[in-house]
Amino acid sequence: MRILSGIQPSGRLHLGNYFGMMEPAIRLQDEGEAYYFIADYHSLTSIHDPSELRYNVRDVAIDFLACGLDPQKAVFFRQSDVPEVTELTWILSCLTPMGLLERCHSYKDKIAQGISPSHGLFAYPVLMAADILIYNSDLVPVGKDQKQHIEVTRDIAQKFNDRYGEGEALLTIPEPRIREDSAAVPGLDGRKMSKSYDNTIALFEDEKALKKKVMRITTDSTPVEDPKNPDDSYIVMLYKLVATPNEVEEMEIAFRRGGQGYGHFKKLLLEKLLEYFAPMRAKRAELEQNNAYVEDVLQNGAEQARAVAQKTLLRVRKAVGL
Ligand code: TYM
């Protein structure tokens, strides 16, 4: 089984990225052939400063390795080190209906935010389809916000097979894998945690900044002594990701009992966050000192990924008559 996923280097990785994709992806590296990459081509839709892009790519590589991506088990690479994917993107573009892309929520959201769209932003899901299809991926672990893009990928692959396959499945139809309890991690304001909403908690925030952020989590104005509802509290939702079921139950009981303010619960969340990420923080500090190792991992990964991509592209070129 081939497992594949990508992550954009568009800023510091946050809890949404971790629990939505990285943690499930890291667990899956024991269950099949895992291919994970840094989607730097995709980031060009939003980052136009070359040094920022280079910095972010290195940062994401270090974060992912610190969190447990094991280069002995998973192929880890930079998307742009396999330029074949852009050729497949063009070929797939020629059979992708405009309407399919016009319906994509993430595109529509960006427009709603007032971003003036480039062709790249519009065509983004076709590049993502090429990412998935060029490595013959069976399973794609992602957060809920990417589900529609996997559906688009399946549509495109099916169209390609129908038009060129002569009864054969030239491209593998992938399945999404979405972890139910963290499909959409809420941000500080309760909307989906996302860099574009400025509501993120970065994985490796320094302690002071982390504290400030946790204290910013939106709550209602129930007085300290009154009972509180844990079911729609963003504090509890985030706590569930890092605490044990017993600890979560204790917090829920304390919410309902009343007598403690939100500040108290935020402190408990802060402690758990620090505890949960402490080993990864230590590993990160080590990797920070070892640029050569990180670069080596990415180059090795690229070599392996490229060999697979070239084979698929050869098959595709032949099928379409190039
Ligand atoms: P990106 O970089 O926006 O996010 C990376 C992964 O993190 C997940 N995620 C979340 N999950 C739960 N709750 C949240 N608040 C949250 N925020 C982010 C995303 O769902 C994603 O899985 N287009 C992709 C990158 C990509 C890709 C691919 C993914 C490019 N090619 C091929 C899979 C396969 C993206 O922008 O993810």
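**Exercise 1. The cavity**

Helix α12 (residues 262-288) supplies the largest share of the lining of the largest cavity, four residues. The model is predicted. Describe this cavity: what is its volume, and which residues line it?

*Solution.* 
Step 1. Count the cavities. A search of the whole structure gives one cavity of 30 Å³ or more.
Step 2. Take the volume. The largest cavity has about 50 Å³.
Step 3. List the lining. It consists of Leu15, Ile201, Ala202, Leu203, Leu210, Leu273, Leu274, Phe277 and Arg281.
Step 4. Sort the lining by class. Eight residues are nonpolar, none is polar and one is charged.

**Exercise 2. The second largest pocket**

State the volume of the second largest pocket. Then find which element gives the most to its lining.

*Solution.* 
Step 1. Take the volume. The second largest pocket has about 210 Å³.
Step 2. Find the contributing elements. Two or more lining residues come from each of α2 (40-43), α4 (84-93) and α7.
Step 3. Pick the main contributor. With five residues, α7 gives the most to the lining of this pocket.
Step 4. Look at the centre. The lining has 13 residues, and Thr89, His119, Gly120, Ala123 and Leu127 lie nearest the centre of the pocket.
Step 5. Sort by class. The lining divides into six nonpolar residues, seven polar and no charged.

**Exercise 3. Ser137**

Locate Ser137 in the chain. Is Ser137 buried or exposed? Which residues does Ser137 touch, leaving out those up to four places away in sequence?

*Solution.* 
Step 1. Ser137 sits in the loop between α7 (119-134) and β4 (139-141).
Step 2. Check the accessible area. The relative accessible area of Ser137 is 0%. Buried means under 20%. Ser137 is therefore buried.
Step 3. Find a polar partner. A polar atom of the Ser137 side chain lies 2.7 Å from the backbone oxygen of Ile132. A polar contact needs a pair of N or O atoms within 3.5 Å.
Step 4. List the neighbours. With residues up to four places away in sequence left out, Ser137 touches Arg2, Leu4, Ile132, Thr172 and Pro174.

**Exercise 4. The domains**

*Solution.* 
Step 1. Count the contacts. On the domain 1 side there are 15 residues, in contact with 11 residues of domain 2.

Notes. Residues numbered from 1 in each chain as written. Predicted model: local features only at pLDDT ≥ 70, side-chain atom pairs only at ≥ 80, totals over all residues. Heavy atoms only, no water. Buried < 20%, exposed > 50% of the residue type's maximum accessible area, 1.4 Å probe, protein only. Polar contact = N/O pair within 3.5 Å; in protein donor to acceptor, adjacent residues only side chain to side chain. Contact = heavy atoms within 4.5 Å. 1 Å grid on protein atoms, 1.4 Å probe; cavity = no way out; pocket = protein on both sides within 12 Å on 5 of 7 lines; lining within 4 Å. Points joined across faces, edges and corners; volume = space filled by probe spheres on them. Nonpolar A, V, L, I, M, F, W, Y, C, P; charged D, E, K, R; others polar.
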